[in-house]
Amino acid sequence: MKQAIYTRGAALPAVLEQRIAILDGAMGTMIQRFKLNEVQYRGERFKDFHKDVKGNNELLSLTRPDVIQDIHEGYLAAGADMIETNTFGATTVAQADYDMAELAIEMNYESARIARAACDKFSTPDKPRFVVGALGPTPKTASISPDVNDPGARNTSFEELRKAYYEQTEALVRGGADVLLVETIFDTLNAKAALFAIDEYFDNSGERLPLIISGTVTDASGRILSGQTVTAFWHSIRHAQPLAVGLNCALGAALMRPYIQELARVAGDTFISCYPNAGLPNPMSDTGFDETPDVTSRLVREFAAEGLVNIVGGCCGTTPEHIGAIHDAVKPLAPRGIQRGFFYKEAA
C-alpha cells in the first residue's frame, strides 16, 4: 500500500503503536444531563425560529458552546486522548429535519473550534490530545428503500450525500480537526459517499488527515443494516486506507466481541478501534443504558488483553466516569500489533 503522509494528526500513528489510545464517550448522554429546555436550545439567536429545535444537539455548538466545552473538558480530564466534535448530525441532510440545513457548515466549523480549544488546553508534550472530526451516517440511507411497498424507492442519493459530506469535511478541517471519523455506519453506500468526499477534499486542499472508519453491527446476525458482514464491510472500504477501522454503538461490548475479533483478524495491517454502548438500552437507568463504568471497563479490558484493539472509548450511555474507568483498565496493556502494510511519516 502507498505511503500515507499526514499534514495533521501526524503524531497519532506513533501513539497507537506505543499504547492503547482513549477516545471519548457519548455526547448525547452528557447533553441530557444538563436537562436543557426548548428556550435554552434556541438561545437569543433562534428565539423566534419557526420550528422546535430541542434535541438538535449540534445547534448547541452555536447557542450553548459552554455546554459542549464542558463536556469535552470532562472527557479530557478523565484521560481521553481523542475527543469527537459535536457534529454527528451536522450535515445538510440531517439538519433538513429541523429546517436548519444552511447552518451545517457553521455548526461544523464552530464545533471543531470548541474541541480544538479544549484539546489545546489539556495537551502536554507527553500526552497530545487530538480533535476528531465526527461524520455521522445521516438519517437517510442510499441503498435501502424507506418504503416497504417499493423496494426501488430512495430518499437520498450518492451525490446529495457526497456534497453534504464534502461541506462537512471542509468545515471540520478549517475549524481545527486533526483526524476524521466516519462513524456508526449502517449503510456502506452512505459511507462510500463520505469517503469519496473526504478524498476529494484532500485532493483539492492539499490536506491529508488520519482517517478512522467505524461501522455498527445492528443485531446478532453480525451484519450492518445494509446487509454486509464485518469482513465484507472491511473489503468495501479498505481502499480508503484508514489509519484505523472499527465498530461502535449497537450491541454493547459483550455482544460486540466476536465481530471485533473478526475485524482484527481480517484487517491485519490497520489499527482497530472499538467504542461500544454501555450495554443495552434501559430507560430506568440514569444514562438510559445498563452498564456502569466498572462493567464497561472490564469488558473493554478483555478486548485489550486479547490483543484486539488500539483505540477504545464509549458510545451511547457512556460518561466521563466510564472513560476514566476504561483508561485505567487498559493502561497497563499493550496495543494490538499490526502488519507493516502502511508506512507513516510527517508531511514535509
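Me: What is the class make-up of the lining of the largest cavity?
Reply: Bearing in mind that this is a predicted model, the lining of the largest cavity comprises eight nonpolar, two polar and two charged residues.

Me: And which residues line the largest cavity?
Reply: The lining is formed by Leu135, Gly136, Pro137, Tyr165, Val182, Glu183, Ile185, Phe186, Asp187, Asn190, Ala191 and Ala194.

Me: Which elements each supply at least two residues of that lining?
Reply: Strand S5, which covers 179-185, and helix H9 each contribute at least two residues to the lining of the largest cavity.

Me: How much space lies in the largest cavity, and how many cavities of 30 Å³ or more does the structure hold?
Reply: The largest cavity holds about 60 Å³ of space, and the structure has one cavity of 30 Å³ or more.

Me: Switching to the helices, at what angle do H9 and H10 pack?
Reply: Helix H9, residues 188-205, packs with helix H10, residues 230-237, at an angle of about 25 degrees, and their axes lie 11 Å apart. Angles under 35 degrees count as roughly parallel, and H9 and H10 are therefore roughly parallel to each other.

Me: Is the crossing left-handed or right-handed?
Reply: The crossing of H9 and H10 is right-handed.

Me: Which residues make the contact?
Reply: On the H9 side the contact is made by Thr188, Lys192 and Leu195, and on the H10 side by Phe233, Ser236 and Ile237. Sorted by class, the residues of this contact of H9 with H10 are three nonpolar, two polar and one charged.

Definitions and conventions. Residues numbered from 1 in each chain as written. Predicted model: local features only at pLDDT ≥ 70, side-chain atom pairs only at ≥ 80, totals over all residues. Heavy atoms only, no water. Axes fitted to C-alpha atoms, helices over the stretch in contact; angles between N-to-C directions. Helix = DSSP H or I, 4+ residues; strand = E, 2+ residues; numbered from the N terminus. Parallel < 35°, antiparallel > 145°, perpendicular 65-115°, else oblique. Left-handed = near helix turned anticlockwise from the far one by under 90°. Contact = heavy atoms within 4.5 Å. Nonpolar A, V, L, I, M, F, W, Y, C, P; charged D, E, K, R; others polar. 1 Å grid on protein atoms, 1.4 Å probe; cavity = no way out; pocket = protein on both sides within 12 Å on 5 of 7 lines; lining within 4 Å. Points joined across faces, edges and corners; volume = space filled by probe spheres on them.
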